[in-house]
Amino acid sequence: MRKQAFTVAAILLLMSVAAAAQTPNMEGYWNNQAGSAPWDIEPHAAAFQVPAGQGVIVDTPDRKIPYKPEALAKRNDLRDHHIFDDPQGHCAPSGVPRQTYTPFGFQILQPRGAVVILYEAEHAYRVIRTDGSKHVASSFKLWQGDSTGHWEGNTLIVDSTNFNGKPWFDMAGNFTTDSLHVVERYTVVDANTIQYEATIEDPTIYTRPWTMRFPLRRNNQPGYYILEFACYEGERDLQHYTEDTGKKQK
């Protein structure tokens, strides 16, 4: 009996090691190829200090977010009158998926049972559990949510819930709620390319789920490392902005 139990344990261990060996290696430094998405994930014309862009939404006819009417009105009000209130502008965490397309690099690590992402922006980090554990209790609300993941072939699928509803998607007032549900797909295309995709679901403000997509490129620059990001939650310098650059409305 002991010999049989040992044999079964050995087989399971070998299967685990083999599975780990087959997991694509994403470790290293990466930069996004999301264009002007940090400013606006929807198609937009050039404006003051904002480059024109087609956005990163790929599955709606107009490449825009499928807002419900009341949510669209709120977004428009935030964009037109309350850009000062963007949490990222005050150095709060960018959230998911925004931190993937901020104009800064990040590092991916793959310790046993997890994928860890270290972001240059705001000193943020994520621990994506790949050990089969479940999401934390729904009463826990987090800036970056709670992320669990698993591999399907060469794609890491990440399911994130438990958001606090405070981050925005960009600098154009596209907001979130605590009902947000994000499913990300990191597909390893080759040694230097990951196809990134995030499907967004929130029935409280959208008429249907929608998806953004863009590539990530490995940073092979010799000696590259993540820089110190001097930004602190509660940043107040935005009070010096002029009205045309986002000054808080009275």
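Reader: Why is Tyr196 called buried?
Author: Its relative accessibility is 0%. Buried means under 20% relative accessible area, exposed over 50% and partly exposed in between, with a 1.4 Å probe and protein chains only. So Tyr196 counts as buried. The model is predicted: local features need pLDDT of at least 70, side-chain atom pairs count only at pLDDT 80 or more, and totals for chains, interfaces and linings use all residues. Residues are numbered from 1 along each chain as its sequence is written, and side-chain values use heavy atoms, with hydrogens and water left out.

Reader: What makes the pairing of the side chains of Tyr196 and Glu184 a polar contact?
Author: The value is 2.5 Å. A polar contact is a pair of N or O atoms within 3.5 Å; within protein, one must be able to donate a hydrogen and the other to accept it, and residues adjacent in sequence count only if both atoms are side-chain atoms. Tyr196 lies in strand β8; strands (E, at least two residues) and helices (H or I, at least four) are DSSP runs, numbered from the N terminus. The C-alpha atoms of Tyr196 and Tyr186 are separated by 4.9 Å.

Reader: What makes Asp146 and Arg129 a salt bridge?
Author: Their closest N and O atoms are 2.8 Å apart. A salt bridge is a side-chain nitrogen of Lys or Arg within 4 Å of a carboxyl oxygen of Asp or Glu, so such a pair qualifies. The pair links distant parts of the chain: Asp146 is in strand β5, Arg129 in strand β4, 17 residues apart. Both Asp146 and Arg129 are buried.

Reader: Why are Asp80 and Arg79 called partly exposed?
Author: Asp80 has a relative accessible area of 46%, so it is partly exposed. Arg79 has 35%, so it is partly exposed too. Their side chains meet in a salt bridge at 3.0 Å, N to O.

Reader: What is the nearest side chain of opposite charge to Glu122, and how far away is it?
Author: Arg98, at 7.8 Å. Lys and Arg count as positive and Asp and Glu as negative; His and the chain ends are not counted. Glu122 is buried yet has no salt bridge. The side chain of Glu122 does have a polar contact of 3.1 Å with that of Ser94.

Reader: Which residues have the most contacts inside the largest nonpolar core?
Author: Ile41, Tyr186 and Trp210, in a core of 40 residues. A nonpolar core is a set of buried Ala, Val, Leu, Ile, Met, Phe, Trp, Tyr and Cys residues joined through side-chain atoms within 4.5 Å.
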